[in-house]
Amino acid sequence: MPEPLVLTPSRVGFMRSILASPQDDTIRLAYADYLEEAGPADDRERATIEFIRASCRVGGNPAFMSPAGYKWADANWHRLVPSVVAMH
């Protein structure tokens, strides 16, 4: 089972901002940069960084993910799913 996330004040701030404006890719990309600069703790965080960058919306349309995003998700979903399942 993966270790729980360490909820630093910065991480909590990013999460709140993302929840308040889920359509804003800029906040999500800044969070990915923050995680990368902090040094990803494990593969789950590396996968989170990759997923955020791959899932940025095409042309501002929240109904679509870029083709690269779908390709990444198809190849890497298994890296994210165990940590999601472990949270429930």
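This is a predicted model: local features need pLDDT of at least 70, side-chain atom pairs count only at pLDDT 80 or more; totals for chains, interfaces and linings use all residues.
Figure 1. Residues are numbered from 1 along each chain as its sequence is written, and side-chain values use heavy atoms, with hydrogens and water left out. Thr8 sits in the segment before H1. A polar atom of the Thr8 side chain lies 3.1 Å from the backbone nitrogen of Arg11. The side chains of Thr8 and Tyr34 are joined by a polar contact of 3.2 Å. Thr8 is partly exposed, at 27% relative accessible area (buried is under 20%, exposed over 50%, partly exposed in between; 1.4 Å probe, protein chains only).

**Figure 2. Arg11 in helix H1.** Arg11 belongs to helix H1, residues 9-20 (helices are DSSP runs of H or I, at least four residues, numbered from the N terminus). Its relative accessibility is 8%, so Arg11 counts as buried. The Arg11 side chain makes a polar contact of 3.1 Å with the side chain of Tyr31. Beyond neighbours within four places in sequence, Arg11 is in contact with Leu5, Val6, Tyr31, Tyr34, Leu35 and Glu45 (contact: heavy atoms within 4.5 Å).

**Figure 3. The second largest pocket.** This pocket holds about 160 Å³ of space. Of its 14 lining residues, Leu5, Val6, Arg11, Ala41 and Glu45 are the closest to the centre. A pocket here is an open set of points on a 1 Å grid over the protein atoms alone, where a 1.4 Å probe fits, with protein on both sides within 12 Å along at least five of seven lines; lining residues have an atom within 4 Å of a point. Helices H2 (25-38) and H3 (43-54) each supply at least two lining residues. H2 gives the largest share, 3 residues. The lining divides into 7 nonpolar, 2 polar and 5 charged residues.

**Figure 4. Helix H3.** H3 has 12 residues and reaches 16 Å from its first C-alpha to its last, close to the 16 Å expected at 1.5 Å a residue. At its start, a side-chain oxygen of Asp42 comes to within 3.1 Å of the backbone nitrogen of Arg44. The buried residues of H3 are Arg44, Glu45, Ala47, Ile49, Ile52 and Ala54.

Key: A polar contact is a pair of N or O atoms within 3.5 Å; within protein, one must be able to donate a hydrogen and the other to accept it, and residues adjacent in sequence count only if both atoms are side-chain atoms. Grid points are joined across faces, edges and corners, and a volume is the space filled by probe spheres set on the points. Ala, Val, Leu, Ile, Met, Phe, Trp, Tyr, Cys and Pro count as nonpolar, Asp, Glu, Lys and Arg as charged, and the others, Gly among them, as polar. The expected span of a helix is 1.5 Å times one less than its number of residues.
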